[in-house]
Amino acid sequence: MADNTVISLENTTVIYDDLLVLDRINFSLRAGEFCYLIGRTGAGKSSFLKLLYRDILPDEGSVTVAGYDVTELRDKEVPYLRRRLGIVFQDFQLLPDRNIYENVAFALEVTGEKKRRIKQRVLEVLAMVGLSHKKKSMPSDLSGGELQRVVIARSLANEPRILLADEPTGNLDPEASSTIMELLKEINNHGMAVLMVTHDYDTVRKFPERTVQIRDGRLEEVKIV
Amino acid sequence: MSFRYIIKEGFAGLSRARLAAFTSIFSLFIAVFLIGLMVRVGMNAYDLAQVLQQQVEVEVFLEELDGESTEVIRERLNQFDFVESLTYISKDSAAAIFREEFGLGGESMASLQFLPASFRLTIHPDTAIEEVDSVVRDLEEWEGVDEVKFNLALMQMLQSRIEMTALAGGTLALLVILAAIVLVYNTIRLTIYSKRELIRAMKLVGATNAFIRRPFLFEGFLQGVIAGLFASGLIYALFTWLVPTYLPQLDVLGWPFGEWYYLLGGMMGASILMGWWGSRWAARKFIRRTKVYI
């Protein structure tokens, strides 16, 4: 893996119930790079992401993320890999019984950060996503776009090197989608590598970046026009 | 890791999933209450059996012996482990007892001094009946011993009742404990399952399994404390107020080992251990299996 490569997959194969999901794929993402991962529903996009945060293991090949050889990682070490990643899902995964501040602070509490540092960092990331004024609101009081911004803030709390976003605009209206995309681009401009899974071609056209597609288990570079 | 975080999350866990927490606490309470009740009743039954067994005596009637020969027999009898106490009843004492038991009618007969001197042995409650029986047979062959009386049938009955009670009580206690553990495990598992979103979110942001587990363990500990307090409180109330007030005929025996705090302390300990262990068991299994992405 080159020095500035943050994600690298070599001849990686994933098989689910005798079905070849990913077939000897090769992929790399450099620090500060933005990349879309597209493909039809069931093509293997989510499996690709799961490999990166080690929710599943490949059947063959290697996966290296943020300097960790994922295939060699022991279960005990997985949390330390995940602290180097920001992960954003379509379904938010916020805790409904905690306010926005607590939801973001939670990501730092679990790593054992000191209270003062947690407060400072939470306020920083909430300001970054433009939600400082909502820190005492409950998730149920926020719109879909705002919730996704909270999730992004939480994913940034640990200052990760890579942001993995799985359909982050999937549940949002076009206006909220644009806001999220602008936010992701801004984060990327600050040097963070972003890998975004989407099947929203309009977004890809509107915010053009490197795009890879999974089709029939194979990964290929594509241009969306 | 912050100890305060574990405490805060442990308490918060109870209030966030109230129904699940209530179910866990209630099942623990029932289990610990039943165990406490069985221990108290079982130990009282055991004490009662011991008291009865202590009342079984071996009477060793002597031939006409001088003081020295009597002392030799006393020494030999004292060497048996099963002998709890040994009382010498001289011919005069035997006559006095006879007089007391038969009143004035027995006076003239007692003056004949036909009653032999004897030793009365009380048996140690833990003694096996076979041991006493074989010794009694030997005693009859001793020089200077005229006759040995021993209520074998009564002792056999007592021993078989004690064994049956211990076996039945032990089996029942074991079944209750097993059922309680399974019940507690399942309810705690449901409690943890109700928090799967929290566990997923924690895994997502890089919490270690041990970190995720700790608040659950503390919550299990708290559930154990609460259930233990209620169960031991109820047992205390039952045997210090309800039974003496409404069933005074049953209030003949006391707390195991003489003090209430041994049983109630044991119940608290068992409750905490079951709550903690049930949580640990369920949490380990469930947290390990929970995936970040469904």
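Rings of Phe, Tyr and Trp, the last taken by its six-membered ring, count as a pair if their centres lie within 6.5 Å. In this predicted model, B:Tyr236, B:Phe239, B:Trp255, B:Phe257, B:Trp260, B:Tyr261 and B:Tyr262 form one aromatic cluster.

**Aromatic pairs**

Over all chains, a search of the whole structure finds 20 aromatic pairs. A pair of aromatic rings is described by the distance of the centres and the angle of the planes.

| Pair | Centre to centre | Angle between planes | Arrangement |
|---|---|---|---|
| B:Phe26 and B:Phe29 | 6.1 Å | 35° | tilted |
| B:Phe80 and B:Phe82 | 5.5 Å | 25° | stacked |

B:Phe26 and B:Phe29 both belong to helix H2 (residues 18-54) of chain B, where they are three residues apart, about one turn of the helix. B:Phe26 is partly exposed, with a relative accessible area of 43%, whereas B:Phe29, at 17%, is buried. In the other pair, B:Phe80 has 23% relative accessibility and therefore counts as partly exposed, while B:Phe82 is buried at 2%.

**The interface of chains B and A**

Contact between the chains involves 20 residues of chain B and 24 residues of chain A. The area buried between them is about 2,000 Å², and carbon and sulfur atoms give 57% of this area. One salt bridge is found across the interface: the side chains of B:Lys8 and A:Glu109 meet at 3.7 Å, N to O. On the side of chain B that touches chain A, helix H1 (3-16) and helix H8 (196-204) of chain B each supply at least two residues. H8(B) gives the most, with seven residues. By class, this side of chain B has 10 nonpolar, two polar and eight charged residues.

Key. Residues are numbered from 1 along each chain as its sequence is written. Chains are lettered from A and ligands numbered from 1 in the order in which they are written. This is a predicted model: local features need pLDDT of at least 70, side-chain atom pairs count only at pLDDT 80 or more; totals for chains, interfaces and linings use all residues. Side-chain values use heavy atoms; hydrogens and water are left out. Contact means heavy atoms within 4.5 Å. Buried area is the accessible area (1.4 Å probe) that two parts lose on being put together, summed over both. A salt bridge is a side-chain nitrogen of Lys or Arg within 4 Å of a carboxyl oxygen of Asp or Glu. Helices (H or I, at least four residues) and strands (E, at least two) are DSSP runs, numbered from the N terminus. Ala, Val, Leu, Ile, Met, Phe, Trp, Tyr, Cys and Pro count as nonpolar, Asp, Glu, Lys and Arg as charged, and the others, Gly among them, as polar. Rings of Phe, Tyr and Trp (its six-membered ring) pair if their centres lie within 6.5 Å; planes under 30 degrees apart count as stacked, over 60 as edge-to-face and the rest as tilted. Buried means under 20% relative accessible area, exposed over 50%, partly exposed in between (1.4 Å probe, protein chains only).
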